[in-house]
Amino acid sequence: MKLYTDSAYQMDKIINPFTHTRDPLDFNFSWLLYNTLQSLGYTHMSEVYANQLHINFASQLVSHGQWQWAVFVLMHIKDEQL
């Protein structure tokens, strides 16, 4: 709701896992929320933070044995130098 009322609100504050889970290393919802907001046109989050979110979620997936999904998540990184 905060992002809807203030479109300049920092997305990294909304995406942060601390805002919706007790586990600071659970990036599942953060990654899904980021992609949903991005598809709705909210693209004002820094590339560095977005790339770190992709990497963190991919690491979480690998730690759970889901390396195939980790590859899918890493394909969302837009920076070709990573």
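Which pattern does the protein chain follow, read along the sequence? I went through the predicted model and got α-α-α-α-α. My tally of the secondary structure is five helices and zero strands. The radius of gyration is 13 Å against the 12 Å that the globule rule gives for 82 residues, so the chain is as compact as a globular protein of that length.

**Overall numbers**

I took the box along the principal axes, and the C-alpha atoms fill roughly 40 × 30 × 20 Å. For the accessible surface I have about 5900 Å², with 59% of that belonging to carbon and sulfur atoms. Buried residues come to 27% of the 82 in the chain. I also looked at contacts with a separation of 6 or more: residues 24 or more positions apart account for 45% of them.

**Helix α3**

Next I picked α3, residues 28–39. Its 12 residues reach 17 Å from the first C-alpha to the last, close to the 16 Å expected at 1.5 Å a residue. I then asked which residues of α3 are buried. My list reads S30, W31, Y34, N35 and L37. They sit on the same side of α3, because the arc they cover around the axis is only 165°.

What covers them? I noted α1 (2–5), α2 (11–15), α4 (47–63) and α5 (67–74) among the cover. Just after α3, I found G41 with a positive phi of about 105°.

I zoomed in on S30, which is in helix α3. Is S30 buried or exposed? It counts as buried, because its relative accessible area is 0% and the cut-off for buried is under 20%. Setting aside neighbours within four places in sequence, I get contacts from S30 to I15, N16, P17, H20 and L53.

Y34 is another of the buried residues in α3. Not counting residues up to four places away in sequence, Y34 touches M11, I15, M45, A50, L53 and H54. I15 and L53 turn up in the S30 list and in the Y34 list.

Conventions: Residues numbered from 1 in each chain as written. Predicted model: local features only at pLDDT ≥ 70, side-chain atom pairs only at ≥ 80, totals over all residues. Heavy atoms only, no water. Helix = DSSP H or I, 4+ residues; strand = E, 2+ residues; numbered from the N terminus. Expected span 1.5 Å × (residues − 1). Buried < 20%, exposed > 50% of the residue type's maximum accessible area, 1.4 Å probe, protein only. Arc of directions from axis to C-beta. Contact = heavy atoms within 4.5 Å. Rg over C-alpha atoms; globule rule 2.2 N^0.38 Å. Areas by Shrake-Rupley, 256 points an atom, 1.4 Å probe, with all protein chains shown as cover.
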